[in-house]
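Here are a few friendly notes for your next look at this model. Could you keep it open while you read?

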Amino acid sequence: MSASPRLSTLILPVRRWHEGGREQWQRAEELGFHAAYTYDHLAWRSFRDQTWFGALPTLTAAATATSRLRLGTLVTSPNFRHPVTLAKELITLDDISGGRITLGIGAGSNGFDATTLAQEPWSPRERTARFGEFVPLLDRLLTEDAVSHQGTYYSAEEARNIPGCVQRPRIPFAIAATGPRGLRLAARHGQAWVTTGDPKVSATGTPEDSLAAVQGQLEKLEKECVEVGRDIAQLDKVFLTGFTPDGGRPLESLDAFVDFAGRHIALGFNEIVIHAPVPDSVFAADQKVFERIATEAPAQLG
């Protein structure tokens, strides 16, 4: 686990590569962010009828345009992914990037991804069960040369993944979860745990309510770590901002962000992720303030 807090960004895949896309990822590296992530969706919320590119091709392009920046998804889900094909793509991406990939992974939700393939949305029980099978199988596929598995939802027959990941034993998993089964997956298979807070609290609560809810999530994670015989200190704790009752206010000024991030770091988080500004959207923010946060906040938080 990292000893000092890190600041990362999330870049929505909404720009054409040759019309500012490449430069945005390069600028993230220049600003000194620890990592730059992107969402892995077929379409997403208010951006459904706007430009939206695929996550893994975007990350592949970003890998060739940068040299130090860690890259990853926040998050991939089983909604339209299969562990066998995803593993092959991740091994390739890890190779192209020189071992700079983190896989953020979650159970997904009943958004557009759940219905775009003309399937019935999964019940919460099935979604949780699929996630519980998806993660361990993906773990095996990324660490073993050949994998056979017959599961309830996912199967593999002599799936070959040679030469494996550049990072050993595999790329790190950052597992997004708030429920007991998901938190147990994070405790057992994750190198990091990701949260955005509590959606129910975010809709009706206060910033103080949100902090209390997140503290409760951390306590549940620690309990699951104890159950699987793991020290919670071995997991990085990643907070993806933008979904708390504060909304976009933490990005209104350097001081506001330092206060917001400091409160979460005090709970035990060691990586804070902020959205790169997207004009005329829920992620609209002043680019100059965003860049000042990137360059000046880490020293104040460290």
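The points below go through the pockets and then the cavity.

1. A word on the basis: this is a predicted model, where local features need pLDDT of at least 70, side-chain atom pairs count only at pLDDT 80 or more, and totals for chains, interfaces and linings use all residues. Residues are numbered from 1 along each chain as its sequence is written, and side-chain values use heavy atoms, with hydrogens and water left out.

2. Volume here is the space filled by probe spheres set on the points, which are joined across faces, edges and corners.

3. The lining of the largest pocket (residues with an atom within 4 Å of a point) has 38 residues, and V75, A107, G108, S109 and A176 lie nearest the centre. Among the elements giving two or more residues are β3 (70–76) and β8 (192–195), while α4 gives the largest share, four residues. Helices (H or I, at least four residues) and strands (E, at least two) are DSSP runs, numbered from the N terminus.

4. The second largest pocket has a volume of about 240 Å³. Its lining has 16 residues, with G242, G248, H275, V282 and F283 nearest the centre.

5. One cavity of 30 Å³ or more turns up in the whole structure; a cavity is a set of points where a 1.4 Å probe fits but cannot get out. P5, R6, L7, P298, L301 and G302 line the largest cavity, with β1 (6–10) and α9 (287–301) each giving two or more residues.

Key. On a 1 Å grid over the protein atoms alone, a cavity is a set of points where a 1.4 Å probe fits but cannot get out, and a pocket is an open set with protein on both sides within 12 Å along at least five of seven lines; lining residues have an atom within 4 Å of a point.
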